[in-house]
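This report describes a protein chain together with an RNA strand. Please consult the sequence and the coordinates alongside the text.

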Amino acid sequence: MLDLKLLQKNPQVVAEALAKRNSSIDVEEFTKIDTRRRELLVELESLKSERNKASGEVAQMKRAGEDASELISRLGSLSDKIKELDAETETIKAAMNEWLIAVPNIPHESAPVGADEDDNVELHKWGTKPSMTFTPKEHWEIAETMGGLDFERAAKLTGSRFAVLWGWAARLERALINFFLDMQTLEHGYTEVFPPAIVNSTTMTGTGQLPKFEEDLFRLNHKDYYLIPTAEVPLTNMHSGEVLEEEDLPRAFTAQTQCFRSEAGSYGKDTKGLFRQHQFTKVEMVRYAHPDKSYEELEDMRQHAENILQRLGLHYRVVTLCTGDMGFSSAKTYDIEVWLPGQNKYREVSSCSNCVDFQARRANLKFKRKGAKKPEFVHTLNGSGLPTGRTMIAIIENYQQEDGSIVIPEALRPYMGGLEKITPEMATK
RNA sequence: GGAGAGGUAGCGAAGUCCGGCCGUAACGCACACGACUCGAAAUCGUGCUUGGGCUUAACCGUCCAACGAGGGUUCGAAUCCCUCUCUCUCCGCCA
């Protein structure tokens with residue numbers, strides 16, 4: 001949610017910033033509603049003040065044993081008026097909130113201006129494409145001979161965009177989870193959390209999934225519950241409604257969770273293989289940052305994701321998303337795209353964003369500076385570090401051998417019981 | 001799922017039966033500052049919620065709101081009524 005004060009003072013500036021991300025607001029309409037809201041408040045509050053005074057008088061008269069019936073009957077009409085104005089104020093406040101909650105974050109000045117993903121700017125590359133003496137296959141083609149990934153049986157059990165991992169692939173999944181979590185906790189200093197995978201609508205609203213993107217979520221029949229699309233949701237809402245001390249910052253959380261996405265609107269995209277699933281595992285990083293430091297921390301977090309790919313020896317590039325390609329809550333986002341030789345493309349494996357105070361204002365996440373009277377909003381950041389499925393694709397495709405074997409990156413071997421290579425003999429059926 | 005007890009500041013807790021200067025909200029603890037002390041403890045003193053409106057360059061000031069959440073009754077609700085929610089205890093079921 002944007003700062004109401006900023007909108008009141010500089011609506012035009014906000015409108016211009018939003019235009020960069022292909023979003024627009026009606027400044028005149030906003031000013032009209034906001035002015036009316038404040039007029040109503042002034043009137044309503046003065047009436048309430050009057051009522052409070054008079055009620056005190058009634059109390060005094062009664063205590064003194066005097067007859068207050070005349071004053072009481074006069075107060076009746078005052079109360080009616082208050083009720084009426086109160087209702088009108090509530091309506092306009094609700095309209096205002098509904099409007100405000102649907103406005104995306106404004107991009108940071110360092111985010112390149114652009115219309116769509118074609119305008120994203122490459123920041124740097126790491127490593128090189130693996131040299132292969134044969135034509136590399138896509139991961140799902142390799143799985144046809146090596147097994148491990150079973151899409152037919154998943155379709156039988158559930159439907160499309162699900163996978164059964166078994167044998168070596170299930171083991172690899174588990175190894176990746178542990179490897180990622182160990183790096184985030186032991187090397188990068190994140191605190192490990194195991195949060196619920198189901199959250200309520202307030203929590204979903206805090207991070208920006210609701211109210212605008214309900215169609216991307218799985219909603220449970222039971223109550224007001226949703227399956228999380230990412231651990232960002234529970235982790236970012238962890239301290240909602242609290243006021244942290246300045247020295248509590250930064251807070252850094254990591255969690256591995258199942259992520260559930262309806263993938264509405266992506267029909268026909270990445271229909272083969274593991275790339276785009278309704279359910280996948282991801283290790284997420286979330287940071288609560290001091291507002292003065294959040295952009296430094298964004299660089300750190302991006303590095304934390306990069307470190308993992310480097311350790312796995314996977315070639316990748318980092319792009320800064322342009323204003324037109326950024327997510328709803330983000331002020332600045334880096335995407336990390338890993339090289340997939342089978343697809344002959346760079347594909348996204350991580351997205352690291354600084355949401356500044358946008359989510360903090362929604363979720364009411366505050367801290368107090370030493371010596372300050374008023375608490376202020378923290379800055380929140382989130383990044384993938386990393387998803388297991390897409391990383392597994394990258395490993396399969398980059399480490400494939402001509403005979404179908406898959407070499408296990410050295411860093412992962414301790415997590416695979418020392419196994420160096422997945423060979424055709426290990427194929428599942 | 002059934003029965004009961006609860007939700008008031010950072011924590012504990014009074015106020016609820018019987019509605020009225022009881023919301024910065026008694027009392028205790030914690031915390032911050034000051035005094036005393038060579039220093040500390042103890043003691044004494046002072047301070048200590050959040051959001052919003054008006055005003056202001058800002059401080060200040062002033063008003064409104066918040067007693068788990070939302071409704072209702074009333075001139076007036078922490079207090080009475082209804083719904084929901086969370087916590088605790090017991091029973092049932094259960095990995």
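The sections below treat the overall fold, the surface near the RNA, selected residues and the backbone geometry.

## Overall architecture

The model is predicted. Chain A contains 12 helices and 17 strands, and its C-alpha atoms fill a box of roughly 100 × 45 × 40 Å along the principal axes. Of the 429 residues in chain A, 50% are buried. The accessible surface of the chain comes to about 20,900 Å², and carbon and sulfur atoms account for 48% of that area.

Among contacts in chain A with a separation of 6 or more, 73% are between residues 24 or more positions apart. Helix α7, residues 168–187, has 20 residues and spans 27 Å from its first C-alpha to its last, close to the expected 28 Å. Just after α7, G189 adopts a positive phi of about 80°.

## Surface near RNA strand B

RNA strand B is surrounded by 24 residues, of which N52, S79, K366, K368 and K373 are the closest. By class, this surface comprises 7 nonpolar, 5 polar and 12 charged residues. Sugar or phosphate contributes 73% of the RNA atoms within 4 Å of the protein, and bases contribute the rest.

At I72, a polar backbone atom is 3.4 Å from a sugar or linking oxygen of the RNA. The elements giving two or more residues to the surface are α3 (27–63), α4 (69–100) and β13 (366–368). Helix α3 gives the most, with 13 residues.

T281 is part of strand β9, residues 279–289. The residue counts as buried because its relative accessibility is 6%, under the 20% cut-off. Its side chain makes a polar contact of 2.9 Å with the side chain of Q258. Beyond its neighbours within four places in sequence, T281 is in contact with E173, I177, Q256, T257, Q258, P387, T388 and G389.

S330 lies in the loop between β10 (316–320) and β11 (332–340). With a relative accessible area of 3%, S330 is likewise classed as buried. The side chains of S330 and T333 are joined by a polar contact of 2.6 Å. Residues up to four places away in sequence aside, S330 touches R21, N105, S353, N354 and C355.

## Two partly exposed glutamates

E246 is located in the loop between β7 (243–245) and β8 (251–260). A relative accessible area of 23% makes E246 partly exposed. Leaving aside neighbours within four places in sequence, E246 is in contact with H290, F367, K368, R369 and K370. One of these partners, K368, is also among the residues closest to RNA strand B. E246 and K429 are separated by 183 residues in sequence, and their C-alpha atoms are 56 Å apart.

E57 lies in helix α3, the element that gives the most residues to the surface near RNA strand B. E57 is partly exposed, at a relative accessible area of 42%. Between E57 and K374 there are 35 Å in space, C-alpha to C-alpha, and 317 residues in sequence.

## Backbone geometry

Cis peptide bonds are present in the model. One joins L249 and P250, with omega of about -5°; P250 is in the loop between β7 and β8, which also holds E246. Another joins G385 and L386, with omega of about 0°, and L386 is in strand β15, residues 379–387.

D270 has a phi of about 45° and is placed in the loop between β8 and β9. N364 has a phi of about 60° and lies in the loop between α11 (358–363) and β13. N364 is partly exposed, with a relative accessible area of 33%.

Notes:
Residues are numbered from 1 along each chain as its sequence is written. Chains are lettered from A and ligands numbered from 1 in the order in which they are written. This is a predicted model: local features need pLDDT of at least 70, side-chain atom pairs count only at pLDDT 80 or more; totals for chains, interfaces and linings use all residues. Side-chain values use heavy atoms; hydrogens and water are left out. A residue is near a molecule or strand if one of its heavy atoms lies within 4 Å of it. A polar contact is a pair of N or O atoms within 3.5 Å; within protein, one must be able to donate a hydrogen and the other to accept it, and residues adjacent in sequence count only if both atoms are side-chain atoms. Helices (H or I, at least four residues) and strands (E, at least two) are DSSP runs, numbered from the N terminus. Ala, Val, Leu, Ile, Met, Phe, Trp, Tyr, Cys and Pro count as nonpolar, Asp, Glu, Lys and Arg as charged, and the others, Gly among them, as polar. Buried means under 20% relative accessible area, exposed over 50%, partly exposed in between (1.4 Å probe, protein chains only). Contact means heavy atoms within 4.5 Å. Accessible areas come from the Shrake-Rupley method with a 1.4 Å probe; for residues, only the protein chains shown count as cover. The expected span of a helix is 1.5 Å times one less than its number of residues.
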